[in-house]
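Hi,

Here is the structure I promised to pass on. Have a look at it first, and my notes follow below.

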Amino acid sequence: MYRFNIRRLEGYTIMSNHHLRDSNLSYSAKWLLSFMLSLPEDWDYSFNGLVQISKEGKSSLRTMINELKDAKYIKITQFRNEKGFFQYNYDVFEFPFDM
């Protein structure tokens with residue numbers, strides 16, 4: 001009889017290579033999408049949330065987000081909360097959402 005003990009390391013992310021090989025994306029957009037895919041699902045995917053944990057400036061992050069949005073890896077939906085203020089939902093996709 002054989003017994004196998006699997007010892008896994010934590011802190012790894014498994015993701016598709018699709019966006020990494022997408023020649024329409026800049027390296028910075030590929031990095032941001034990879035980073036976003038590595039975050040837990042309940043993480044605050046707001047623009048300000050990304051700014052807080054990045055060395056990149058707001059302008060650079062906005063450019064990357066817009067690039068991912070145009071390439072349909074991110075879908076941003078605007079809505080009003082119960083107090084009437086605008087809020088945004090960020091849906092992040094491993095593949096462009098119109099594929």
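Which two residues meet in a salt bridge through their side chains? They are Lys-72 and Asp-98, with 3.8 Å from N to O. Keep in mind that this is a predicted model.

That pair makes up the whole tally, as the count comes to 1 salt bridge. As for how open the two partners are, Lys-72 is partly exposed, at a relative accessible area of 31%, and Asp-98 is exposed, at 52%.

Another residue to look at is Ser-34, which you'll find in helix 1 (residues 27-38). Is Ser-34 buried or exposed? With a relative accessible area of 15%, Ser-34 counts as buried, because the cut-off for that is under 20%. If you set aside its neighbours within four places in sequence, Ser-34 is in contact with Met-15, His-19 and Leu-20.

Now for the confidence side. The protein has a mean pLDDT of 86, and 89% of its residues reach 70 or more.

Over to you!

Key. Residues numbered from 1 in each chain as written. Predicted model: local features only at pLDDT ≥ 70, side-chain atom pairs only at ≥ 80, totals over all residues. Heavy atoms only, no water. Salt bridge = Lys/Arg side-chain N within 4 Å of Asp/Glu carboxyl O. Buried < 20%, exposed > 50% of the residue type's maximum accessible area, 1.4 Å probe, protein only. pLDDT = per-residue confidence, 0-100. Helix = DSSP H or I, 4+ residues; strand = E, 2+ residues; numbered from the N terminus. Contact = heavy atoms within 4.5 Å.
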